[in-house]
Every structure is written in structure tokens, then in C-alpha cells.
Amino acid sequence: MFETLSDRLTSVFSSLRSKGRLSDADIDATCREIRIALLEADVALPVVKDFVARVKERARGAEVSQALNPAQQVVKIVNDELIEILGGETRRLRYAKTPPTVIMLAGLQGSGKTTLAGKLAKWLRDQGHAPLLVACDLQRPNAVQQLAVMAERAEVAVFAPEPGNGVGDPVAVARDSVDHARRQQHDIVIVDTAGRLGIDQELMKQAADIRDAISPDEVLFVVDAMIGQDAVGTARAFMDGVGFDGVVLTKLDGDARGGAALSVRHVTGRPIMFASTGEKLADFDAFHPDRMAGRILDMGDILTLIEQAQKTFDEQEAAKMAGKLVSGDGFTLEDFLEQMMMVRRMGPIKNLLGMMPGMGQMRDQLNQVDDRDLDRIAAIIRSMTPGERQDPKIINGSRRARIATGSGVTVTEVSNLVVRFFEAQKMMRRMTQGMGIPGMPGGRKNQKAQKAKKGRRVSGDPRKAALGKSAGASDAPKVPKGALGNLGGGQLPPGLELPPGFDPSKLKLPGQK
């Protein structure tokens, strides 16, 4: 969604990094480029003016002039102002003191309210709630049936006493749904209301009547992030006619410029609370302004990546897999397939890589990433027998031909997979052996210790060998402990003998009484 804006801002900041100090001309040129980038991203003009004015004011202040790296300080200022435009802190849902919590969805037809209702219900169910979906869109054809399908996919209950398609009173349905939720012990009610192709008085009156009938705890305005500047006008109209507490952005995975997302919050003063990024029910999450600003500025979104990994990976399985990775040989193709499927469940590989910092500069390479490559690898491994997965060394020519036929790929692809797996095993063994790094298992320190255990080497010189034997002889002269201080630990060096009748214990050395 924000690729164009991200590319423009990244190029602006890359030109700043070569400057040791920033003059007023540099700041003016940078702010001019930022203004152009925001306008090209379809951000509303009043928002652009306020944003650029704040950046320019802070860039000319002491925090940049006294900074060790002025260019990085300007990037920080832009990041801070982007976070402020997007809402500052993450806004959470307000839950009612006495259940059920009533959430009303409002917006134009086609903005994705019904699909979003199913996504929000699943998101709340995963957090331990028992949501109820309510079908109050009785005008749009098959809207009630669509909500019922969404409820079934999200594994939540639905309240739809009217068939819809122009039949039924949406205000009465909304009022009855709250009583139904109390009886059935649902702690959250999500009301899907009707929309129109444009703003009209009938739409506003119906939404206002539903709001007055159920007194919702949260009214969420659903806006299509792809409609551009129309989103700002629509948001103003709903704000004046119905009022809402938060904004939900849908279709953030589209190829529109995304300026509406930066404009709606600034124009209405209401925070963006949720974002929908795909067609699946799982493509939905709370909106974090700081993370979105990081994505726009190509700083990555590591926190979201970690959260997705925590949702997908089981701790016990991860610990078990870590043990196999350490052993090297214990890691089989079966384990590789299991790990690959876990990563696959986290979402498209392109999206996961896009959360890493600096990946915006590799967008062309990311666009070439195809999840179907992982599906082909999975098909190859699944076409193997359990024995072949455990020990790929037994896969000979005839077995490879059979596997290729079963998975619908070429023999070369099967061979390449097996070869790459063996190389990965070697790499893991090298890592577990420390690769010669001191302090690591199998590192230099341990290698020296292993050499020391082999015993003392005997020199090939007969004279040195004789000295070595005399040093280890049992009749070597002993010196009383402490007589010669710490020298020799109480034993003379090899080849050195005491004069006859000499008693070293009677010597008085410095420091002795």
C-alpha cells in the first residue's frame, strides 16, 4: 500500500546521509521532497501542510543542529511525526463493565464491513471472547447469507432472524440481539449495518437509529484504503451524521497509494484501531502507528514478525527442533518439512521478508519470491517413503525417478533438494562444532584441551629423552616444601643435584623468620 511513499522517502534520506551538517537550504530541499512524496501518495493537502511545517520547525531546532548525525536525526523527526499522524499510541477496544460489549460497524457499501465483521469476531474469539455476529444489513442482496458464512468460518454464533434482501427492520434486529446475547452468554456483540454507494439521508438516519437503540460501546467506521480522497469526505459525513470512536482500514494489501490512511485520522481526530491486509480471516490485526511508520520508512516491523512467530510456533516443538539442530545428524527431511509448514502458516514469505529492515530496497527481488516453490518442495518430500525422509543417503537414481513422478517435478529438482539438504546438515554440524571460534563447542580452546589430553610428546633427541626420563624418575631428589619458595614446587629441575651434606631447610631466605 505505501510502497510509493516509502520509496520516495527512502531516496530523500539516502541523499542526506552524505552530508556532515545540514544547512537551511538542505532542510528546505528535504521538506520539499517530503511534501511531493506525500501529495503523490494521495495524502490530503491540509495534512501535508501541517506535517511539513512541523518537520521543518523541528529540523531547524537544536535537536538537529547539535546532533552528531543530523541526517539520522531528521529521519527520527519524520518517524515521530508519522507516528503522530497515524494516531500516536495503539488504541485498544473499550469493553463494557457489564457484558455484553456492543460494537457497531458503519461505512459505505463495498468497504468490506461484512468480511471485517467475521475477521473481528475471529480475532476476539482467539483472545478468549465469545462474540455474536448480528445481521442488520437487510438491504444488500445476500448480505445476511454472507455474514452467516463468515460466522461459520470464524466459528462464532450469528443472530439473523430476518432473511434480508429488503425484508425486515434492522433497528428491531439490533435491539433484540443485545437481549439474545445476554441470554446466550455472549460477551461481545458485533453489529453489521447496511451501507450505500454514497452518502444519503436514509443511510445516516438508519445508522443513527441503530446507534440509539443499542447504545454501542464502540462505533467503528470502516473505510476502504483504496478510495483515496473520497475517504476523507465520507469520514467527515459519518462523523457529523452518526459519530464514531475509531477507524478500521480495509484492503491495505492493495496497490493504491494509501494516502487516505494518513488523512482520515488527522481530519476526524479519531484513531485507526484495526487494519485488514488480505482476504483470509487471519489477515487482520490491531493497528500500531509506530510499526506502520517503521514500514513506511523502511525500518522494518520486527515486533509484528515476532508476534506472528509466537502464534504459529509451539514452544515445546521449537525446543525439540532446537535439540535436533544442535545434533546435526538428527535433523531429517521430516523435520525440515515440519519447519517449512510452520513458516508457511505465518503468511506469505514475501510479507515476512518485507518486515525486515532495509527490504524496501530489494522490492524487485521480493516480488520474485513465490510461495509455490515451498509447495513444490513439500510435494517432493511427501512423495518420499518414511525411510527416505529419515535417511536421504539411500535415495538412488531409481528412487529419485519415482519421487519425481509422484511429486510432478523433474529428477533434477529432486537431486537439487537432496544435495541442498546435505549441505545444510554439514553447515549445522560446523555451527555446532564452533567453526574454530574460541569459546564455542569444538572451538580452539577445546581443541587445545583435547591435544593436551593426548599426553606428553617424547623428543627424538636421545639427550632430551634422557632428561625427560630422569625428570619423571621416582628417585629424583626432593626439596622440603617452602625451602626454596615457590621454585619447582618442592622438586629440583632435571639434571640438577644438591652438594653432599647440603640441607636447604636451614637456609634463611628473604622474607623468612
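Which residue just after helix 5 takes a positive phi? I looked this up and found Gly87, with a phi of about 125°.

**Entry 1. Conventions**

I note that the model is predicted, that local features need pLDDT of at least 70 and side-chain atom pairs pLDDT 80 or more, and that totals for chains, interfaces and linings use all residues. Residues are numbered from 1 along each chain as its sequence is written, and side-chain values use heavy atoms, with hydrogens and water left out.

**Entry 2. The chain**

I recorded 23 helices and eight strands in the protein chain (DSSP runs numbered from the N terminus: H or I of at least four residues for helices, E of at least two for strands). Of its 513 residues, 42% count as buried (under 20% relative accessible area, 1.4 Å probe, protein chains only). I then took the contacts (heavy atoms within 4.5 Å) between residues at least 6 apart in sequence: 72% of them join residues at least 24 apart.

**Entry 3. Helix 5**

I checked the length of helix 5, residues 70-85. Its 16 residues should span 22 Å at 1.5 Å a residue, and the end C-alpha atoms are 23 Å apart, which agrees (the expected span is 1.5 Å times one less than the number of residues). Twelve of the 16 residues are buried, so that helix 5 is mostly covered. Among them I list Val74, Val75, Ile77, Val78, Leu82 and Ile83, together with Gln73, Asn79 and Glu81.

**Entry 4. Helix 9**

I found that helix 9 has 14 residues (201-214) and reaches 20 Å from its first C-alpha to its last, close to the 20 Å expected. Its buried residues are Leu203, Met204, Gln206, Ala207, Ala208, Ile210 and Ile214. These pack against strand 1 (101-106), strand 2 (131-136), strand 4 (188-193), helix 8 (170-184) and helix 10 (230-241). Just after helix 9, Ser215 has a positive phi of about 45°.

**Entry 5. Helix 8 with helix 9**

I examined how these two helices cross. Their axes come within 9 Å and cross at roughly 25° (lines fitted to C-alpha atoms over the stretch in contact, with angles from 0 to 180 degrees between N-to-C directions). Helix 8 and helix 9 are therefore roughly parallel (an angle under 35 degrees). The contact joins Pro170, Val171, Ala174, Arg175 and Val178 of helix 8 to Gln206, Asp209, Ile210, Ala213 and Ile214 of helix 9. By class, I count seven nonpolar, one polar and two charged residues in this contact (Ala, Val, Leu, Ile, Met, Phe, Trp, Tyr, Cys and Pro are nonpolar, Asp, Glu, Lys and Arg charged, the others, Gly among them, polar).

Definitions and conventions:
Buried means under 20% relative accessible area, exposed over 50%, partly exposed in between (1.4 Å probe, protein chains only). Angles under 35 degrees count as roughly parallel, over 145 as roughly antiparallel, 65 to 115 as roughly perpendicular and the rest as oblique.
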